[in-house]
Amino acid sequence: MSVEMCSKAFSQQQNLRIHLLTLTKEKPHGCLICCKTFSHRGNLNIHLRAHTKKKKPYACEMCSKAFSQQGDLKRHVLTHTKEKPYACEVCSKVFSQQRSLRSHLLTHTKEKPYTCEMCSKAFSVMGSLKTHLLTHTKEKPFACDICSKAFSQKGTLKTHLLTHMTEKPYACETCSKAFSVKGNLKTHLLTHTKEKPYACEMCSKAFSQKGGLKTHLLTHTKEKPYACKMCSKEFSQNGNLKTHLLTHTKLKPYALEMHFISKEI
């Protein structure tokens, strides 16, 4: 095995041994429960807590949530203090976690290291790939306790739960229309400001909603992701597919109401 030398020096021999593992990619410390391997014994010890369900000694003083690692507690506390110490040097956007900053930087470099093995679509964030994989497996692991409707994403379930609540805490200051979700209020505000922040890079056409831009992009890529299971005809929009399906079911939901006026002779 050839090892790439880096000339890095250490004051202790043990630190050199640990560093060499990062070069050789060796992982000599194995978990006896699930066979997962690690290069450092310390990482193995941390991993074992997931199996042993060891006590979580680090508790948050604000909400009493407990953690097995002090680092996890520190990251959690930022959700209360709203501190965002990690800033992007390119666009100055700030983040509460360093890993969030790392993921964000990929949007500038255009790197997409996470590739789907089923369709070769690539993503800059591992979480986006995981979400995408559900479109292939059709899994919907997040179910609503009230109506049993299931969703592929946790965030979508959270948004759905608000439809069961009568509360609408987000009100528009212009027309007093209220919304249960803050995101819906933001989208609504664009109808007043006439802003269209989502612009197409190919033809500069702009849209007020991200979904509108996504649908528009299909006119350039000529993609038709919505296919009819009965005749294999493909469509670029889900709405067009639904309309097409009516030609198979013979349903005619849209009836024209005719009002006949009797003509006196």
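Reader: Where is the place of R75?

Author: R75 sits in helix α3. Keep in mind that this is a predicted model.

Reader: Is R75 buried, exposed or partly exposed, and what is its relative accessibility?

Author: Buried means under 20% relative accessible area, and exposed means over 50%. R75 has 35% relative accessibility, so it counts as partly exposed.

Reader: What does R75 form with D72?

Author: A salt bridge pairs a side-chain nitrogen of Lys or Arg with a carboxyl oxygen of Asp or Glu, within 4 Å. R75 and D72 form one, with their closest N and O atoms 2.4 Å apart. By this rule the count comes to one salt bridge.

Reader: Where do R75 and D72 lie along the helix?

Author: Both are in helix α3, which covers residues 70-81. They are three residues apart, about one turn of the helix. D72 is partly exposed, because its relative accessibility is 24%.

Reader: Now the backbone. What is the phi of S92?

Author: Start with the general idea. Most residues other than glycine have a negative phi. S92 has a positive phi, near 70 degrees, and is not a glycine. S92 belongs to the loop between β5 (86-87) and β6 (94-95). With a relative accessible area of 56%, S92 is exposed.

Reader: And which value does the phi of K110 have?

Author: K110 is another residue other than glycine with a positive phi, here near 65 degrees. Look for K110 in the loop between α4 (98-109) and β7 (114-115). K110 is exposed, because its relative accessibility is 63%.

Reader: Let us turn to H132. Is H132 buried or exposed?

Author: The cut-off for buried is under 20% relative accessible area. H132 has 12% relative accessibility, so it counts as buried. Its place is in helix α5, residues 126-137.

Reader: What is the volume of the largest pocket, and how many residues line it?

Author: Its volume is about 2,200 Å³. The lining has 37 residues. Nearest the centre of the largest pocket lie K121, F123, H132, K214 and L218. So the buried H132 is also one of the pocket's central lining residues.

Reader: Which elements give two or more residues to that lining?

Author: They are α4, β8 (122-123), α5, α8 (210-221), β15 (226-227) and α9 (238-249). The largest share comes from α8, with seven residues.

Reader: How many nonpolar, polar and charged residues does the lining have?

Author: The lining of the largest pocket has 14 nonpolar, 13 polar and 10 charged residues.

Reader: Last, the whole chain. How many helices and strands does the protein chain have?

Author: The secondary structure comes to nine helices and 16 strands. Of the 265 residues in the protein chain, 18% are buried. The accessible surface comes to about 21,600 Å², and 53% of it belongs to carbon and sulfur atoms.

Reader: What share of contacts in the protein chain joins residues at least 24 apart?

Author: Take the contacts between residues at least 6 apart in sequence. Among these, 0% join residues at least 24 apart.

Conventions:
Residues numbered from 1 in each chain as written. Predicted model: local features only at pLDDT ≥ 70, side-chain atom pairs only at ≥ 80, totals over all residues. Heavy atoms only, no water. Helix = DSSP H or I, 4+ residues; strand = E, 2+ residues; numbered from the N terminus. Buried < 20%, exposed > 50% of the residue type's maximum accessible area, 1.4 Å probe, protein only. Contact = heavy atoms within 4.5 Å. Areas by Shrake-Rupley, 256 points an atom, 1.4 Å probe, with all protein chains shown as cover. 1 Å grid on protein atoms, 1.4 Å probe; cavity = no way out; pocket = protein on both sides within 12 Å on 5 of 7 lines; lining within 4 Å. Points joined across faces, edges and corners; volume = space filled by probe spheres on them. Nonpolar A, V, L, I, M, F, W, Y, C, P; charged D, E, K, R; others polar.
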